[in-house]
Amino acid sequence: MSVSRIPIRLVIENLGEAEGELVRIQSPRTTDAIIKQLPIEGLAALWQQEVYFEIPVKMGSEKAKPTVEKGTLAYWPMGSAFCIFYGETQPYSPVNIVGKVTKNLELFEQVKSGTKITIEKR
(Lines give C-alpha, C1' and ligand atoms only; values in the text may rest on other atoms or scores of the structure.)
Protein backbone atom coordinates (compact mmCIF):
# COMPACT_ATOMS: atom_id res chain seq x y z
CA MET A 1 0.00 0.00 0.00
CA SER A 2 1.31 3.43 -0.95
CA VAL A 3 1.58 6.17 1.67
CA SER A 4 0.37 8.75 -0.86
CA ARG A 5 -2.63 6.75 -2.14
CA ILE A 6 -4.95 5.14 0.41
CA PRO A 7 -7.55 2.73 -1.02
CA ILE A 8 -11.06 3.26 0.39
CA ARG A 9 -14.49 1.71 0.10
CA LEU A 10 -17.65 3.81 -0.01
CA VAL A 11 -20.52 1.68 1.31
CA ILE A 12 -23.91 3.02 0.22
CA GLU A 13 -26.81 1.65 2.27
CA ASN A 14 -29.10 -0.61 0.17
CA LEU A 15 -27.20 0.18 -3.05
CA GLY A 16 -23.75 -1.41 -2.87
CA GLU A 17 -20.13 -0.34 -2.73
CA ALA A 18 -17.92 1.98 -4.73
CA GLU A 19 -14.16 2.02 -4.52
CA GLY A 20 -11.83 4.96 -4.51
CA GLU A 21 -8.57 6.29 -3.22
CA LEU A 22 -7.55 9.18 -1.06
CA VAL A 23 -4.59 10.94 -2.66
CA ARG A 24 -2.46 12.88 -0.17
CA ILE A 25 -0.55 15.03 -2.68
CA GLN A 26 -3.46 17.36 -3.49
CA SER A 27 -4.46 18.36 0.09
CA PRO A 28 -2.17 16.45 2.52
CA ARG A 29 -3.41 17.99 5.81
CA THR A 30 -7.08 17.56 4.87
CA THR A 31 -6.53 14.01 3.59
CA ASP A 32 -4.63 13.03 6.76
CA ALA A 33 -7.40 14.47 8.97
CA ILE A 34 -9.98 12.37 7.07
CA ILE A 35 -7.83 9.20 7.25
CA LYS A 36 -7.49 9.60 11.05
CA GLN A 37 -11.30 9.61 11.39
CA LEU A 38 -11.95 6.48 9.26
CA PRO A 39 -14.36 4.80 9.24
CA ILE A 40 -16.68 7.79 8.77
CA GLU A 41 -20.44 7.51 8.45
CA GLY A 42 -22.83 10.17 7.21
CA LEU A 43 -26.27 10.83 5.76
CA ALA A 44 -26.30 11.91 2.14
CA ALA A 45 -27.40 15.33 0.99
CA LEU A 46 -27.70 16.12 -2.71
CA TRP A 47 -26.69 19.14 -4.78
CA GLN A 48 -26.75 19.00 -8.59
CA GLN A 49 -24.69 15.90 -9.53
CA GLU A 50 -22.96 15.70 -6.16
CA VAL A 51 -23.53 13.66 -3.01
CA TYR A 52 -22.15 15.17 0.20
CA PHE A 53 -22.40 14.68 3.95
CA GLU A 54 -21.01 16.30 7.06
CA ILE A 55 -17.97 14.61 8.60
CA PRO A 56 -16.14 15.13 11.94
CA VAL A 57 -13.28 17.05 10.33
CA LYS A 58 -12.85 20.82 10.61
CA MET A 59 -10.36 22.22 8.11
CA GLY A 60 -9.91 25.46 6.22
CA SER A 61 -9.12 25.77 2.54
CA GLU A 62 -6.06 23.84 1.37
CA LYS A 63 -5.22 24.39 -2.30
CA ALA A 64 -9.02 24.67 -2.72
CA LYS A 65 -10.30 24.40 -6.30
CA PRO A 66 -13.44 26.02 -7.76
CA THR A 67 -13.77 23.28 -10.43
CA VAL A 68 -13.60 19.47 -10.29
CA GLU A 69 -13.70 16.50 -12.63
CA LYS A 70 -16.33 13.76 -12.60
CA GLY A 71 -15.38 11.16 -9.97
CA THR A 72 -13.59 13.64 -7.69
CA LEU A 73 -13.66 13.16 -3.91
CA ALA A 74 -13.32 16.42 -2.02
CA TYR A 75 -13.72 18.14 1.32
CA TRP A 76 -15.93 21.23 1.44
CA PRO A 77 -14.53 23.58 4.14
CA MET A 78 -17.67 25.75 4.25
CA GLY A 79 -19.86 22.80 5.28
CA SER A 80 -17.30 20.45 6.89
CA ALA A 81 -18.48 17.92 4.33
CA PHE A 82 -17.11 15.04 2.26
CA CYS A 83 -18.19 15.40 -1.38
CA ILE A 84 -18.54 12.87 -4.18
CA PHE A 85 -18.91 14.44 -7.63
CA TYR A 86 -20.55 11.79 -9.82
CA GLY A 87 -21.52 13.97 -12.80
CA GLU A 88 -20.56 17.02 -14.80
CA THR A 89 -21.11 19.54 -12.01
CA GLN A 90 -19.09 22.06 -10.07
CA PRO A 91 -18.87 22.72 -6.33
CA TYR A 92 -20.99 25.39 -4.66
CA SER A 93 -17.75 26.98 -3.45
CA PRO A 94 -14.06 25.89 -3.65
CA VAL A 95 -13.23 22.43 -2.27
CA ASN A 96 -10.06 20.65 -1.10
CA ILE A 97 -9.45 17.74 -3.51
CA VAL A 98 -8.76 14.54 -1.51
CA GLY A 99 -9.09 11.73 -4.06
CA LYS A 100 -11.22 10.01 -6.67
CA VAL A 101 -13.73 7.22 -7.17
CA THR A 102 -12.14 4.35 -9.10
CA LYS A 103 -15.04 1.86 -9.35
CA ASN A 104 -18.88 1.99 -9.42
CA LEU A 105 -19.19 5.79 -9.61
CA GLU A 106 -22.62 5.35 -11.25
CA LEU A 107 -24.06 4.10 -7.92
CA PHE A 108 -24.12 7.70 -6.66
CA GLU A 109 -26.71 8.60 -9.33
CA GLN A 110 -29.21 6.50 -7.33
CA VAL A 111 -28.44 7.93 -3.88
CA LYS A 112 -31.41 9.58 -2.19
CA SER A 113 -31.21 12.30 0.45
CA GLY A 114 -30.72 10.71 3.89
CA THR A 115 -29.05 7.52 2.58
CA LYS A 116 -26.31 6.29 4.93
CA ILE A 117 -22.82 6.25 3.43
CA THR A 118 -19.75 4.83 5.15
CA ILE A 119 -16.15 5.57 4.13
CA GLU A 120 -13.67 2.89 5.24
CA LYS A 121 -10.17 1.73 4.39
CA ARG A 122 -10.06 -1.08 1.86
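**Close-up 1. E19 and R122 in the predicted model.** E19 is partly exposed, with a relative accessible area of 22%. This view comes from a predicted model. The side chain of E19 meets that of R122 in a salt bridge, with 3.4 Å from N to O. E19 belongs to strand 2 (residues 16-23) and R122 to the segment after strand 9, so the pair ties together parts that are 103 residues apart in sequence. R122 is also partly exposed, at 42% relative accessibility.

**Close-up 2. E120 and R9.** A salt bridge links E120 with R9, and their closest N and O atoms are 2.9 Å apart. Because E120 sits in strand 9 (residues 116-121) and R9 in strand 1 (residues 5-12), the pair ties together parts that are 111 residues apart in sequence. The relative accessible area of E120 is 25%, which makes this residue partly exposed.

**Close-up 3. E41 and K116.** Here E41 forms a salt bridge with K116, the closest N and O atoms lying 3.8 Å apart. E41 is in strand 3 and K116 in strand 9, so parts that are 75 residues apart in sequence are tied together. K116 is partly exposed, with a relative accessible area of 29%.

**Close-up 4. The network of R5, E21 and K100.** Salt bridges link R5, E21 and K100 in a network. The count of salt bridges in the model comes to eight.

Close-up 5. Nine strands make up an open sheet with antiparallel pairing, in the order 3-9-1-2-8-6-7-5-4. Strand 3 (40-43) and strand 4 (45-47) are at the edges and have a single partner strand each, so one side of each is left without a neighbour in the sheet. On average, neighbouring strands of this sheet are turned by 30° against each other, direction ignored.

**Close-up 6. Strands 5 and 7.** Strand 5 (residues 50-54) and strand 7 (residues 81-85) run antiparallel and are joined by five bridges. V51 has I84 in strand 7 as its bridge partner. Strands of a sheet pair through backbone hydrogen bonds.

**Close-up 7. The largest pocket.** The largest pocket holds about 260 Å³ of space. Its lining consists of 14 residues, of which Q26, E69, T72, I97 and G99 are the closest to the centre. Strand 8 (residues 96-103) supplies the largest share of this lining, with three residues. Sorted by class, the lining has six charged, five polar and three nonpolar residues.

Conventions. Residues are numbered from 1 along each chain as its sequence is written. This is a predicted model: local features need pLDDT of at least 70, side-chain atom pairs count only at pLDDT 80 or more; totals for chains, interfaces and linings use all residues. Side-chain values use heavy atoms; hydrogens and water are left out. On a 1 Å grid over the protein atoms alone, a cavity is a set of points where a 1.4 Å probe fits but cannot get out, and a pocket is an open set with protein on both sides within 12 Å along at least five of seven lines; lining residues have an atom within 4 Å of a point. Grid points are joined across faces, edges and corners, and a volume is the space filled by probe spheres set on the points. Helices (H or I, at least four residues) and strands (E, at least two) are DSSP runs, numbered from the N terminus. Ala, Val, Leu, Ile, Met, Phe, Trp, Tyr, Cys and Pro count as nonpolar, Asp, Glu, Lys and Arg as charged, and the others, Gly among them, as polar. Two strands pair if DSSP finds at least two bridges between them. Axes are lines fitted to C-alpha atoms, for helices over the stretch in contact, and angles run from 0 to 180 degrees between N-to-C directions. A salt bridge is a side-chain nitrogen of Lys or Arg within 4 Å of a carboxyl oxygen of Asp or Glu. Buried means under 20% relative accessible area, exposed over 50%, partly exposed in between (1.4 Å probe, protein chains only).
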